[in-house]
Structure formats: C-alpha cells, structure tokens
Amino acid sequence: MTITETGDRQSFTSKQVSAIFVSLLLTMLMASLDQTIVSTAMPTIVGELHGIEHQAWMITAYLLAVTIGMPVYGRLGDLIGRKNLFVAAIAIFLVGSVLCALAANMTQLIFFRGLQGLGGGGLMILSQAIIADVVPARDRGRYMGVFGAVFGLSSVGGPLLGGFFTDHLDWRWCFWVNLPLGLIALVVAIVSLKLPKGEQSKPRLDYVGTVLMAVAVTCLILVTSWGGKDYAWSSPVILWLSVAFVVSAALFVFVETKVTEPIVPLKLFKDSVFTLSTVASVIVGFAMLGAAAFLPTFLQMVTGENATNSGLLMLPMMGGLLVTSIVSGQLISKTGRYKVYPIAGSIVAFAGMLLLATMTATTPVWQSGAYMFVLGAGIGLMMQVLVLVVQNAVPAKDVGTATSTNNFFREIGASIGTAVFGSIFVARLTDGLRDMPPELAAGGPAQVDANAITPQLVQSLPDDLREFFVNAYANALTPTFLYLAPLFLAALVVCLFIKERPLATETGQQQPAHV
C-alpha cells in the first residue's frame with residue numbers, strides 16, 4: 001500500500017481512500033450514535049444505579065464534552081496534523097466506553113460519559129476534516145453525502161439500539177458495542193491514514209480562549225437544558241448562568257482578536273460564503289433537532305406506542321434524509337455545482353414542517369410518516385452540503401477549524417432550538433390541560449403536572465379522559481412545527497446569497513485560498 005508524492009503533494013489510491021473512508025464512517029457512526037443511544041435505556045440505567053435525580057446529566061455531560069471539544073480538535077488538527085489526533089480521539093472514546101460499561105454508580109457514569117464525549121467530539125470533526133485531506137472538493141460530495149446519511153441513521157438507530165440492548169441483553173451493551181467498531185477504525189486509521197504533519201510541532205495553544213469558550217458553552221447548555229424544566233426561567237440559577245454566558249462569550253470574542261493562534265479565528269467570518277453557510281447550519285440545527293426531539297413524543301402520546309416502536313415510526317424521516325443526502329452528494333461530484341441543493345432543501349424542509357403542523361390526534365401513521373419523509377428529504381439536501389461549502393471556502397490550513405466551527409455553531413443552534421420550542425410546547429400543554437371539563441376532572445386527576453405525563457399514564461386512563469389528553473397533547477405539539485417552519489424560509493434567504501465557487505480539484509492539503 002503506497003502513497004504517491006509529488007513535492008509536498010500526496011495522492012491516494014482508490015483502495016486507500018475506501019479503507020480510510022470505512023474508518024471515518026465507523027468513528028462518525030459511533031460518536032453520533034452515542035448522543036442518542038442511552039435515551040431509551042435511561043429509565044433502566046437510573047433505576048439500576050439509583051440515580052434518577054441525576055439522569056439529565058447522562059446526556060448533558062456527553063453533549064457538553066462533544067461541543068467543547070469540537071473547536072479544539074479542529075484547530076489542533078490544522079496546527080499539528082490530524083492522524084495522531086484522530087487515533088488519540090478513538091482511543092479516548094474507547095476508554096470512555098469501557099469505563100461507562102463498567103460504571104458502578106451514576107457519578108462514575110456521568111464522569112465517564114464526559115470522557116467519552118471528549119473523544120466523540122474529535123471523531124465527529126476530524127472525520128469530516130480528514131476526508132478533505134484525502135479527497136478533492138470536486139469529488140467530495142459523494143462522501144459527505146454518506147456522512148449526512150450516518151447522522152440521520154444515528155438519530156433513529158441510537159434509540160432503537162438502546163431499547164433493543166436494554167430489553168434483550170443489558171444496558172451496558174450500549175457502550176460495549178463501541179469496542180469492535182472502534183478497534184476496526186483504529187487499526188485502519190493507523191495502517192492506512194498517512195497525512196502530512198501540521199506546520200507546528202509545538203503549537204501555541206489558545207488556553208484562555210479555550211477556557212472562556214468552555215465556560216460560555218457550559219452556561220448556555222445548562223440554561224437551555226434546565227430552563228423551564230428543572231428551574232423556572234426567572235429563577236436566580238438560570239439568570240446567573242445567563243449572565244455568565246454573556247460575559248464569558250464577550251470575553252471570548254475579545255481574546256480571539258488578540259491571540260496569535262485563536263481557537264476560532266474570527267478572520268474566517270470575513271468570508272461571506274463561510275459566514276452565510278454557518279448561519280444556515282445554525283438554522284438547520286435549530287429547526288431539525290427541535291423537530292426530531294418532539295416527533296417521538298407526539299407518536300408515543302397519540303399512537304400509544306412505546307419508546308422503541310416510536311423510534312421505528314421515525315424511519316421515514318431517516319429514509320428521506322438518507323436518500324437525498326446520498327443522491328445530492330453524487331450529483332455534486334458529477335456536476336461540480338452545489339448551491340441549488342441547500343436552496344431546494346430549505347423549500348422542501350419548509351413544506352415538511354407545514355405538513356407536520358397539520359397533524360392531529362386522528363392523523364393516520366402512514367400520513368405522518370409521509371410528512372416526516374418530506375422533512376428528512378429537505379434536511380438531507382442541506383446539512384452536509386453546507387459543510388462541503390465551508391471546507392471549499394477556506395484555505396487548506398484552516399479546513400479543520402472551519403469544519404469544527406460550522407459543526408460547533410450547529411450544535412449550539414440545536415441546543416437552543418430544543419430548549420426554546422420545548423418551553424413553548426410545555427406552556428401550550430399546561431394551558432390546554434387547564435381547560436379540562438369538570439366532568440372529566442372528576443374521573444381523573446384534577447391537577448396535572450405537564451412534566452409528569454407519560455404515555456403509559458395516558459393509555460391507562462378511561463376513554464373520555466384519554467381522548468382529552470391525546471387531543472391536548474396534539475393541539476399543543478403540532479403548532480410548534482408551524483413555529484419552526486419560518487426558520488427554513490430564513491435559511492432559504494441566507495442560501496440564496498451564498499456565492500457558488502468552483503469546487504477544488506486538489507485535496508485539502510493543496511487547496512488554494514480564496515480571496
């Protein structure tokens with residue numbers, strides 16, 4: 001297995017690219033699966049480890065570590081090279097997975113989930129950046145399309161796998177399953193991945209900026225995770241966290257303008273293509289994760305399905321995303337044109353949101369599935385195409401930083417979107433439950449906490465009372481999709497202003513800077 005070199009240029013054979021791509025896919029799948037795989041296993045985990053009061057930290061710890069790690073891995077990869085960093089990220093992720101599987105209590109599990117997330121952030125970013133080192137932008141569309149399909153697969157496959165392992169094996173298999181996949185990826189990366197080293201063997205790291213970014217991200221995610229749920233939005237905890245976020249974010253921006261090697265170079269935002277593509281990604285994350293968070297809830301409450309089966313009912317959305325992500329990637333590689341896809345995706349996703357907003361308690365499952373397919377198809381035309389646009393817009397030396405910055409802001413958008421629309425939904429549901437007719441209240445709980453309603457509780461109620469709750473849930477939830485729809489119109493406007501530049505015909509290591 002050889003690599004052809006011409007001066008400082010490197011080219012990879014098709015077999016080498018295929019082997020590397022398999023390694024990248026496996027790592028991307030592991031990292032994205034672990035964001036969702038514990039959701040259906042959560043009740044069993046917290047029950048066995050006696051930690052129900054800390055269950056929210058199971059997901060928050062991983063999300064925090066991934067989000068904070070993204071810019072660090074992206075910038076370090078540009079400075080010192082990506083191979084050793086990628087191998088280290090796989091190793092950290094696997095060690096974290098083993099420790100999670102062996103955890104004896106919730107404190108250990110939360111800590112180890114954070115360690116796992118530190119590796120996961122690197123896997124998600126470096127996978128997308130390494131493909132830019134190996135495949136020219138002109139041919140990269142087909143690979144980025146498959147990456148997009150992996151994200152869609154994991155959003156549905158994670159809860160399904162978690163439910164299967166919990167029901168038929170043991171919840172600890174949610175973590176053991178990473179070992180064979182990770183070891184394969186690790187071996188392939190060590191053997192096949194031969195990339196140039198970065199320009200700096202001892203980079204001057206932006207420690208102050210990294211700490212300020214970590215503080216800002218932590219405060220923001222805690223505000224969006226706790227606000228309206230664990231604490232009222234007006235509570236001192238949420239207010240002080242909000243103040244801390246604003247202050248640390250402002251200081252972060254100031255520091256990034258002063259240091260030699262900023263963790264997020266603000267000069268990237270001088271390029272309109274990078275800035276507009278990143279703004280569009282934030283909107284996609286905001287709207288997509290909001291919808292993905294609410295759809296299983298709607299399906300469970302209205303259809304009475306359990307968590308695992310509601311995940312199966314999400315397959316149409318995954319199918320739409322998978323089809324359009326792969327097809328658009330192939331077409332981009334064939335034609336070299338990309339601007340039409342995020343524009344079309346915005347329109348299709350807007351239509352999908354409007355269709356979802358028409359759902360009622362009596363909407364057939366097949367019809368809901370068709371609406372979800374439309375939404376997934378729109379998102380598939382946008383998500384990874386925007387990453388490709390960002391990579392093509394920046395000099396080769398910044399491709400990792402640009403990729404991580406794009407993903408970082410999309411994660412931030414997703415966190416905010418889920419929180420904002422979750423609060424809207426809970427407020428609408430609470431108002432709806434206040435309208436319970438007296439004759440129904442006499443046959444059931446007169447005072448109902450909107451946060452305490454479960455599908456099992458609803459399905460166990462008398463027919464009249466169950467119908468009231470199902471309708472209240474549907475009436476509170478479906479308008480939320482209507483509120484999300486205009487975001488895709490905003491994305492459409494943003495995408496219309498993105499300048500289409502020729503896709504580079506050389507790999508990221510030789511890609512010239514655009515001016």
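Me: Is phenylalanine 112 buried or exposed?
Reply: In this predicted model, the relative accessible area of phenylalanine 112 is 15%. Because a residue counts as buried when that value is under 20%, phenylalanine 112 is buried.

Me: Which kind of aromatic pair do phenylalanine 111 and phenylalanine 112 form?
Reply: Phenylalanine 111 is exposed, with a relative accessible area of 59%, whereas phenylalanine 112 is buried. Their ring centres lie 5.8 Å apart, and the angle between the planes is 65°. Since planes over 60 degrees apart count as edge-to-face, the pair is edge-to-face.

Me: What is the angle between the ring planes of phenylalanine 408 and phenylalanine 409?
Reply: Phenylalanine 408 counts as buried at 9% relative accessibility, while phenylalanine 409, at 27%, counts as partly exposed. Their centres are 5.3 Å apart, and the pair is edge-to-face because the planes stand at 80°.

Me: Which helix gives the most residues to the lining of the largest cavity?
Reply: The largest cavity holds about 60 Å³ of space, and its lining has four nonpolar, seven polar and no charged residues. Helices H6, H13 and H16 each supply at least two residues of that lining. The one that gives the most, with four residues, is H13.

Me: How far apart are the end C-alpha atoms of helix H9?
Reply: Helix H9 covers residues 207-226, and at 1.5 Å a residue its 20 residues should span 28 Å. The distance between its end C-alpha atoms agrees with this expectation, at 28 Å.

How values were computed. Residues are numbered from 1 along each chain as its sequence is written. This is a predicted model: local features need pLDDT of at least 70, side-chain atom pairs count only at pLDDT 80 or more; totals for chains, interfaces and linings use all residues. Side-chain values use heavy atoms; hydrogens and water are left out. The expected span of a helix is 1.5 Å times one less than its number of residues. On a 1 Å grid over the protein atoms alone, a cavity is a set of points where a 1.4 Å probe fits but cannot get out, and a pocket is an open set with protein on both sides within 12 Å along at least five of seven lines; lining residues have an atom within 4 Å of a point. Grid points are joined across faces, edges and corners, and a volume is the space filled by probe spheres set on the points. Ala, Val, Leu, Ile, Met, Phe, Trp, Tyr, Cys and Pro count as nonpolar, Asp, Glu, Lys and Arg as charged, and the others, Gly among them, as polar. Rings of Phe, Tyr and Trp (its six-membered ring) pair if their centres lie within 6.5 Å; planes under 30 degrees apart count as stacked, over 60 as edge-to-face and the rest as tilted. Buried means under 20% relative accessible area, exposed over 50%, partly exposed in between (1.4 Å probe, protein chains only).
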